[in-house]
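Please review the following briefing on a single protein chain.

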Amino acid sequence: MTVELPSGLDPFSGGRRRLEVDAADVAGVVAAIDMQVPGLAGHLVTDSGTLRPHLLCLVGEEAVRDMATPVDDRVRFLIAVSGG
């Protein structure tokens with residue numbers, strides 16, 4: 001499946017904005033990302049294993065926060081913008 005990363009993570013992803021991973025849920029996506037770009041997962045999740053509050057994770061078109069959420073063919077991480 002395709003994972004899209006925000007440009008704000010370019011310094012940590014080596015400028016990679018799309019990754020192809022094989023995973024069943026959001027936690028698996030994060031683990032697969034970390035295998036391809038070591039250390040990047042630390043910018044996506046907290047030490048307690050939850051998504052960082054400034055990130056929005058979209059599975060398809062649905063915003064999710066639960067790391068156990070099943071994934072299909074597309075996952076996007078966006079930097080959340082407050083105030084509109």
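Predicted model: local features only at pLDDT ≥ 70, side-chain atom pairs only at ≥ 80, totals over all residues.

Residues are numbered from 1 along each chain as its sequence is written, and side-chain values use heavy atoms, with hydrogens and water left out.

**Fold and dimensions**

- The protein chain contains two helices and five strands, where helices (H or I, at least four residues) and strands (E, at least two) are DSSP runs numbered from the N terminus.
- Read from the N terminus, the order of elements is β-α-β-α-β-β-β.
- The radius of gyration of the protein chain is 12 Å, which agrees with the value near 12 Å for a compact globule of 84 residues; this radius is taken over C-alpha atoms, and the globule rule is 2.2 Å times the number of residues to the power 0.38.
- The C-alpha trace spans about 35 × 25 × 25 Å along its principal axes.

**Burial, contacts and surface**

- Of the 84 residues in the protein chain, 42% are buried (buried means under 20% relative accessible area, exposed over 50%, partly exposed in between, with a 1.4 Å probe and protein chains only).
- Among contacts with a separation of 6 or more, 43% join residues 24 or more positions apart; a contact means heavy atoms within 4.5 Å.
- The accessible surface comes to about 4700 Å², and carbon and sulfur atoms hold 53% of this area (Shrake-Rupley method with a 1.4 Å probe; for residues, only the protein chains shown count as cover).

**Charge**

- The protein chain carries 7 positive and 12 negative side chains, with Lys and Arg counted as positive, Asp and Glu as negative, and His and the chain ends not counted.
- The centres of the two sets lie 8 Å apart, each charge being placed at NZ of Lys, CZ of Arg, CG of Asp or CD of Glu.

**Selected residues**

- Ser13 belongs to helix H1 (residues 10–13) and counts as buried because its relative accessibility is 3%.
- Leaving aside neighbours within four places in sequence, Ser13 is in contact with Leu5, Val37 and Leu40.
- Thr46 is located in the loop between helix H2 (26–36) and strand E3 (55–59).
- Not counting residues up to four places away in sequence, Thr46 touches Leu51 and Arg52.
- Val81 follows strand E5 (74–79) and is exposed, with a relative accessible area of 67%.
- Val81 and Val45 are separated by 36 residues in sequence and by 17 Å in space, C-alpha to C-alpha.
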